[in-house]
Amino acid sequence: MNLQRLKDENSILKKQIFQLARDKEYLQMLSDNFPGGVLFRFKPSFDEAIGTFVYVGKSWKKMTNVSSEEAAANGRAVISKIHPEDILNYVGAIKTCLSSKSNILCEIRYLYSRHVTKWFQVSMTASLDRDDLSSVLLNGFLIDITDKKEAELALLDQQKRIRSLGDNLPGGILFRLETDIATEEKTITYASKQWEDIMGYSIEESHNFDLVISKIHPDDRTSFTESINRCILKRSMFNRETRYCPSIAVTIWLQVCFHPRIENDTCIGDGYIIDITGRKQTELELNNYRLHLENLVKERTEKLEAALWELSSANNELLAANEELNAINEKIQVKNVQLNDEIDTRNKILEQLRDSEEKFRSFIQQSMDGIFITDKNGIILHWNESQTRITGVPSEQAIGKHYWDMLFIYLPQQKRTEAYYEKLKQRSLSYFKGDKGQLPIMNELPLYMSDGPVRYVQSSMFPVGFAENRLFGCIVRDITERKKTEMELERYRNHLEAMVEEKNHELVRSESMYRQLTVASPDAVIMCSTGFVTKYMSPKAMELFGVEPDSGISAIDIRQFVHPHKDSEDLLEQLVGEQLSYVPQIVMTRNNGSTFFGEISAAAVKEHDGTKAGILMVIRDITKRKQAEMELVRAKEKAEESDKLKSSFLANMSHEIRTPINGINGFLNFLQDEYLTPKRRQYYSDIIKESSTQLVQLIDDIVDIAKIESKQLMLNPVPFNLNHFMQELNKSYEFYLRSKNREKLVVVLDDRFLIENCVIYIDSKRLRQVLTNLIGNAVKFTDKGYVRFGYRLNESGRLEFYVEDTGCGIPNDQLDVIFESFRQADMNNNRRYGGTGLGLTISRSIVRMLGGDISVQSELNIGSTFLFTISHIPVSEKEAQALEEKTDFRQKNRKIILVAESDNVKRMFYARLLAGMGATVLEAGDLPQWTEHIDGQGHIDSILAGYGFRQNPEVLQQVIRRKLPLILIVTDREQADTMDDRQIARITEPVTVEKLNLLLGEPAIPTAG
């Protein structure tokens, strides 16, 4: 029985072993043929991150570019190719998997080769090693998700461009309306940035669709709502024009259009809103104008019909009137015969009157005096030549005008007013038509001629009797010369009287003038006796020395205002003794004890016999001038110091630039040795690359300081995840310290005050430059201890960053100097630590451009703390989520690339980089070569264009017509200024393999050799 049971158990065991062998074979086949993935088993070592791969799938070499033998011998060969920014995530995943014994999933970047980076998804679970129960194995699966990642990045790029299109749509808004099918609740989940300008409230409030409906015009609201519901129900296009009231006093017209679609249980409508107020107003004006034209035509037609009826009636009346006129004409013919006889008689009488009038006219024209005649209404009827000579007005301009009109034009300018004109007119009419018109009147009048001089005339006006047709004559005589003689005599008499009066007051004026001169003088004026006792002090002198006006100046000794200094007293004695007449500088005192610098000019006051009666002194306060002279001396000393500092800076800069150049030149010579081993050649290449990077950094600092001094440094703000940046900065410095074997120093990110999901709108490049300068300086000047950095939100609402270290510290008298150009706290430090000393100067300028300031606190041999603040603009949560991944310009399998660059050296360099990435390179050094490649039949995947080609509009148009992806090599400033285009990408100088990888995606694998 026992034997049979053993046989049965042995049979079952063999089946299980056979089944296990088949399962193992199946798993082996699945692992070896799984598309895009590979199985592995990893045995971690003591530090849990480095171990050996005890098993890998067949496609391991293809996936990782590391052979299974090398992976089994040294797990570091695989782990070292994980991207430095993802190594901590990978180590953390291993630790979590070992501690929790659970399945762990993570995504990492893997440096497949020098020019190729892949994305892997790693899935791991822990299990005991059956051969060694004290060990743990990690069983995992490695999947290549590079295509997926590229698709995700491309999708984010597309979303960003759609949002950019919406934010820049002129006069319109892009939006998304989502409707819950079950509850019919509507929500606006997205709106472009023009929403607030058009709709009248913020984008945050735009999510409330009921608020949009409430602002629709009451007359359109019901039909608008019903139309939206009907379109959502039928899934049809919604396109409607409606009136909208963003405020109580404003009504605009909007065109709303969207097309609904169903996703899950939600109806989504993407569409646009356009402000069509201008178009609607134009349509309304055109409609009003059309109605006006129709009414005008109707009105003119009615008037034309009425006029035709009236014309018909008038014709009838005209026929009747013609018959009456015929009868009257017969009577007129009889009367004409009688009138002809009477006309002959009257013509004889008129001939006699003409002879009489001709004699009268001849008398008036030959008169030496001016004569004019008016009728009883004041209208001028005659104007002789003498009157024209006197007044300068021709007769044709005077005849027919009123007398007062002619008189008005000769009045002075101040009397030529409407009120005075009316007064002159009424006075003239009262003479012509009243009782006074029976008597002659005489006047003397000044005539103010238009060409400047005044002419005086004497006029005599008298009536000429002709019954009711009475006329008025006026004789005008020119008395200008007589008047001038009278006025000249009057002026001469007044001049004599004035001369006598002036002589009488000459002495009084002379005395007053000199007294006023002393009062108005800006200098102090003092009259003193030979014994230094004051006789007179000007107000300025009393103000200068602090003397009260009512204190009595006769008892003041002038020597009390001289500083008790021997040289000053001796100069005053010499001044009074006529040995000096000018003292350029003397120290003087005031009554309150204060001192000032005085400049004295003096002159002796003598009696008639020549004896000295006193001294007249003019004292000027030259304190400000002396201060200006001292300021000038200090400025000269500062300029000399600045010149020395510049010389020191240039010497330091020359040393700093020569150091990397010497490294580059020296190791380039070493690379020419054909017997170099690959390892040594790589070592020399790394040194050349490091020296080149150092040289570029030096040049960047010099360019930045030049831009700052010329005020040409520009900011380019973008949305920026601050917390991610701080964490990346911390990891990069940790990696740097490990690579330099600086085990005594740690860099710590202080995350106590970090703001959750902190995404801000700022120039990330310049912020990175400031923090890198400060942390780099802290690391450079700290041998052991720590460098701690972080940020917090201060009371003023600004972000305050800090960098604290335990380094050598800075003397107190140098805390301000370190931020100046060409200055360092210790001018010898640059020899020990390196650097140009421009970092803090550039950092302070950038911080001030970002709306803040920078300061430092330090103690020698204890450490320093740098603090700076910046202004910032927070970004909403929705926009922050879109920043979790960076957007790239990527297209796969770009193998044939045209390099267009007129500079031969640059073109050779770019071609070498691309050839090393496995691409086929075509070169164009001028426009004929460009045209040959572009217009040829050969295939081109993309174009890398330098300065000369990207500035040519014809070249860019050819690329756009061919729809070829174009990469422009630009500077940082051009990167911010150039216009965005989906077909055009940009790469900033200097061009590196890493930058080309980001743009070109995964290149072909280079062939061996």
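## Overall make-up

The secondary structure of this protein, seen here in a predicted model, consists of 30 helices and 33 strands. Of its 1009 residues, 35% count as buried. The accessible surface comes to about 62800 Å², and carbon and sulfur atoms supply 54% of that area.

Let's turn to one local region. Here 3 strands make an open sheet, ordered 21-23-28, with antiparallel pairing. Strand 21 (718-721) and strand 28 (873-874) are the edge strands; each has a single partner strand, so one side of each lacks a neighbour in the sheet.

Strand 21 pairs with strand 23 (residues 759-762) over 4 bridges, in the antiparallel sense.

## Helix 20 and its neighbours

Helix 20 lies across strand 21 and strand 23, and runs at about 60° to strand 21. Helix 20 (residues 722-739) also packs with helix 21 (residues 764-780), at an angle of about 35° and with the axes 12 Å apart. The crossing of the two helices is right-handed.

On the helix 20 side, the contact is made by L722, F725, M726, E728, L729, Y733, Y736 and L737. Helix 21 contributes L767, R768, L771, T772, I775, G776 and V779. By type, the residues of this contact divide into 11 nonpolar, 2 polar and 2 charged.

How values were computed:
Residues are numbered from 1 along each chain as its sequence is written. This is a predicted model: local features need pLDDT of at least 70, side-chain atom pairs count only at pLDDT 80 or more; totals for chains, interfaces and linings use all residues. Side-chain values use heavy atoms; hydrogens and water are left out. Axes are lines fitted to C-alpha atoms, for helices over the stretch in contact, and angles run from 0 to 180 degrees between N-to-C directions. A crossing is left-handed if the near helix is turned anticlockwise from the far one by less than a right angle, and right-handed if clockwise. Contact means heavy atoms within 4.5 Å. Ala, Val, Leu, Ile, Met, Phe, Trp, Tyr, Cys and Pro count as nonpolar, Asp, Glu, Lys and Arg as charged, and the others, Gly among them, as polar. Two strands pair if DSSP finds at least two bridges between them. Buried means under 20% relative accessible area, exposed over 50%, partly exposed in between (1.4 Å probe, protein chains only). Accessible areas come from the Shrake-Rupley method with a 1.4 Å probe; for residues, only the protein chains shown count as cover.
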